[in-house]
Amino acid sequence: MQYLVSVIADEIPGSATPQEDAAIDVFNERLQAEGHWVFAGGLGAPVAATVIDNRGGEPMFSDGPFLESKEYLAGFWIIEAPDLDVALRLAAEGSKACNRKIEVRPFLSA
């Protein structure tokens, strides 16, 4: 099963320190070596976001984040894990590596 592991930052800028970058690299290498790695990436600050709403006749483009919040999505991993317990264990290790809160969500089955 695949899981979205979201990295939640609570300060802007939310850039990782050199020590956090090194710990994240080690964690990423471990995910890859153990077959859990699918994809990962860091995201730009919320001010770099554009919201698109094309539910009406014409698409509307708005600068800035979807929601104003003290916390924001700073990055993510998509991991493969046999069950939620393994995904949560891996996410706890990811939280320690990046020194941020983590949210775990399963992808819906097709």
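Start with the core: select Leu31, Trp77 and Ile79, which touch the most other members of the 19-residue largest nonpolar core. Such a core is a set of buried Ala, Val, Leu, Ile, Met, Phe, Trp, Tyr and Cys residues joined through side-chain atoms within 4.5 Å. Now colour β1 (2–9), α1 (18–33), β5 (72–80) and α2 (84–98), each of which supplies at least two residues of this core. The largest share, six residues, comes from α2. Nonpolar side chains tend to be buried together in soluble globular proteins.

This is a predicted model: local features need pLDDT of at least 70, side-chain atom pairs count only at pLDDT 80 or more, and totals for chains, interfaces and linings use all residues. Residues are numbered from 1 along each chain as its sequence is written, and side-chain values use heavy atoms, with hydrogens and water left out.

**Whole chain**

Zoom out and switch to cartoon. The chain has two helices and six strands. Along the sequence they follow the pattern β-α-β-β-β-β-α-β. Helices (H or I, at least four residues) and strands (E, at least two) are DSSP runs, numbered from the N terminus.

Show the C-alpha atoms alone. They fill a box of roughly 45 × 40 × 20 Å, taken along the principal axes. Next, contacts, meaning heavy atoms within 4.5 Å. Among those between residues at least 6 apart in sequence, 77% join residues at least 24 apart.

Of the 110 residues, 28% count as buried. Buried means under 20% relative accessible area, exposed over 50%, and partly exposed in between (1.4 Å probe, protein chains only).

Colour by charge. The mean positions of the 8 positive and 17 negative charges are 6 Å apart. Lys and Arg count as positive, Asp and Glu as negative; His and the chain ends are not counted. Each charge is placed at NZ of Lys, CZ of Arg, CG of Asp or CD of Glu.

**Stop at Leu31**

Return to Leu31, in helix α1. Is Leu31 buried or exposed? At 1% relative accessibility, Leu31 counts as buried. Show its contacts beyond four places in sequence: His36, Trp37, Trp77, Ile79 and Leu90. Then draw a C-alpha to C-alpha distance from Leu31 to Ala87: 11 Å in space, 56 residues apart in sequence.

**Aromatic pairs**

Select the aromatic side chains. How many aromatic pairs does a search of the whole structure find? The search finds two. One is Phe27 with Trp77, edge-to-face, at 5.1 Å centre to centre and 80 degrees between the planes. This pair links distant parts of the chain: Phe27 in helix α1 and Trp77 in strand β5, 50 residues apart. Both Phe27 and Trp77 are buried.

Move to Phe39 and Phe76. Their ring centres are 5.8 Å apart and their planes lie at 35 degrees, so the pair is tilted. Rings of Phe, Tyr and Trp (its six-membered ring) pair if their centres lie within 6.5 Å; planes under 30 degrees apart count as stacked, over 60 as edge-to-face and the rest as tilted. Phe39 lies in strand β2 (residues 37–42) and Phe76 in strand β5, so the pair ties together parts 37 residues apart in sequence. Phe39 counts as partly exposed, at 47% relative accessibility. Phe76 is buried, with a relative accessible area of 19%.

Go to Asn99, in the loop between α2 and β6 (101–106). Check its backbone: phi is positive, about 60 degrees, although Asn99 is not a glycine. Most residues other than glycine have a negative phi. Asn99 is exposed, with a relative accessible area of 54%.

Arg100 lies in the loop between α2 and β6 too. Arg100 counts as buried, at 13% relative accessibility. Its C-alpha is 9.8 Å from that of Ser6, 94 residues away along the chain.

**Two last stops**

Select Ala92 in helix α2. Ala92 is partly exposed, with a relative accessible area of 49%. Ala92 and Glu103 are 9.7 Å apart, C-alpha to C-alpha, and 11 residues apart in sequence.

Finish at Glu34, in the loop between α1 and β2. Glu34 counts as partly exposed, at 41% relative accessibility.
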